[in-house]
Amino acid sequence: MKEIVRVDFVAVPQRDLVLPPLTSKVVKELVLSGKLLPSLSGLIKSRDKDKPVFVSNLGLNGRRLYSSGRVISVRAGDRLHFFVSFPHYDDFLSELWSGTFTTSYGEFYVDVAEVKVVDLDELSKVDLNGKTFLVEFVTPTLFSSKVLLPPRLKEKYKGVKPGYSLIPSVGLILAYAYKAYSSLLGKGAREEVTYRLGVLGNALSRVISYDLRPVTVVIGRDGRGNFREARGFVGWLEFDIADVNLKRRAAKYLLVSSFLGLGKSRGIGLGEVKVELK
């Protein structure tokens, strides 16, 4: 039995603060400094491309806080929220502490808001009859269309950098959802399966409606102190899949992605998604 955990927290700044462009850095520091879920430190530090962990950005009034170039500031007493998702491990509940913690970005009172544990087997039993998929892209999502290359062509086009797609196809969504699911199982995604899911997802689906927009997000600084930026998209996409077996697999992968995110840079809070079966 494999289980995935999502822990939601509330964080209250103790004074007015200026936050980093990616506010997930505050959350990562809380973990890496041993103040919250210290057993996840090794996983977060890992340089693996597809890690089964998601650290969200801070949120305020229902919106995630990340910068497109402007300074992010919060006031003392604001109720910020964030979550961390990861594979279940024994005694994780004993690593959920409440209290006032000091970080390099300021002092926060942190408390646990909700703990959710989901058995992956249960995700295979959801009712899909007459349902469509509604995927909301909460934070900028980075999709590279190179995941749809046939495995035999990967090496040939290894040096080509097409950038990130600002219009997600169903195939791209399924390919990245499969990669997130595979990371949770502790094994890398098979390139042939990723490719086939991308092709079948595009061929056997229909987009019903969408509302998407491109967003530039600051992800750090280069060696000269200049902002490093990435351009992704936010919004939502509703779609259906005609093939019953593919639809069942898609549901399982996407529901895991609602915990672990989609696309590149999930480890810094990009690609946060909400998935609804309508």
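**Helix packing and a few single residues**

Trainee: Which residues of α4 and α5 meet?
Mentor: On the α4 side they are Val170, Gly171, Leu174, Ala175, Tyr178 and Lys179, and they meet Val193, Thr194, Leu197, Gly198, Gly201 and Asn202 of α5. Contact here means heavy atoms within 4.5 Å. Helices (H or I, at least four residues) and strands (E, at least two) are DSSP runs, numbered from the N terminus.

Trainee: What kinds of residue are in that contact of α4 with α5?
Mentor: Six are nonpolar, five polar and one charged. Ala, Val, Leu, Ile, Met, Phe, Trp, Tyr, Cys and Pro count as nonpolar, Asp, Glu, Lys and Arg as charged, and the others, Gly among them, as polar.

Trainee: Where do the numbers come from?
Mentor: This is a predicted model, in which local features need pLDDT of at least 70 and side-chain atom pairs count only at pLDDT 80 or more, while totals for chains, interfaces and linings use all residues. Residues are numbered from 1 along each chain as its sequence is written, and side-chain values use heavy atoms, with hydrogens and water left out.

Trainee: Back to the helices. At what angle do α4 and α5 cross?
Mentor: At roughly 150°, with the axes of α4 and α5 (residues 191-203) coming within 7 Å. That makes α4 roughly antiparallel to α5. Axes are lines fitted to C-alpha atoms, for helices over the stretch in contact, and angles run from 0 to 180 degrees between N-to-C directions. Under 35 degrees counts as roughly parallel, over 145 as roughly antiparallel, 65 to 115 as roughly perpendicular and the rest as oblique.

Trainee: And how do α4 and α6 pack?
Mentor: Helix α4 (residues 170-184) packs on helix α6 (residues 244-260) at about 65°, and their axes are 8 Å apart. That makes α4 roughly perpendicular to α6. The crossing of α4 and α6 is left-handed; that is, the near helix is turned anticlockwise from the far one by less than a right angle, and clockwise would be right-handed.

Trainee: Which residues make the contact of α4 with α6?
Mentor: From α4, they include Ile173, Leu174 and Ala177, and from α6, Leu246, Ala250 and Tyr253 are among them. By kind, the contact has 13 nonpolar residues, two polar and one charged.

Trainee: New topic. Is Asn61 buried or exposed?
Mentor: Asn61 is exposed, with a relative accessible area of 71%. Buried means under 20% relative accessible area, exposed over 50%, and partly exposed in between (1.4 Å probe, protein chains only). Asn61 sits in the loop between β4 (59-60) and β5 (63-64), and its phi is near 55°, a positive value in a residue other than glycine.

Trainee: What about the phi of Ser265?
Mentor: Ser265 has a positive phi too, about 65°, and is not a glycine. Most residues other than glycine have a negative phi. Ser265 is in the loop between α6 and β13 (273-277) and is partly exposed, at 32% relative accessible area.

Trainee: Which residues of α1 are buried?
Mentor: In α1 (residues 24-32) they are Ser24, Val26, Val27, Lys28, Leu30 and Val31. Their cover includes β2 (17-19), α2 (41-45) and β7 (80-87). Just after α1 comes Gly34, with a positive phi of about 85°.

Trainee: Last one: what does the side chain of Arg6 make a polar contact with?
Mentor: The side chain of Asp8, at 2.9 Å. A polar contact is a pair of N or O atoms within 3.5 Å; within protein, one must be able to donate a hydrogen and the other to accept it, and residues adjacent in sequence count only if both atoms are side-chain atoms. Arg6 lies in strand β1 (residues 3-13).
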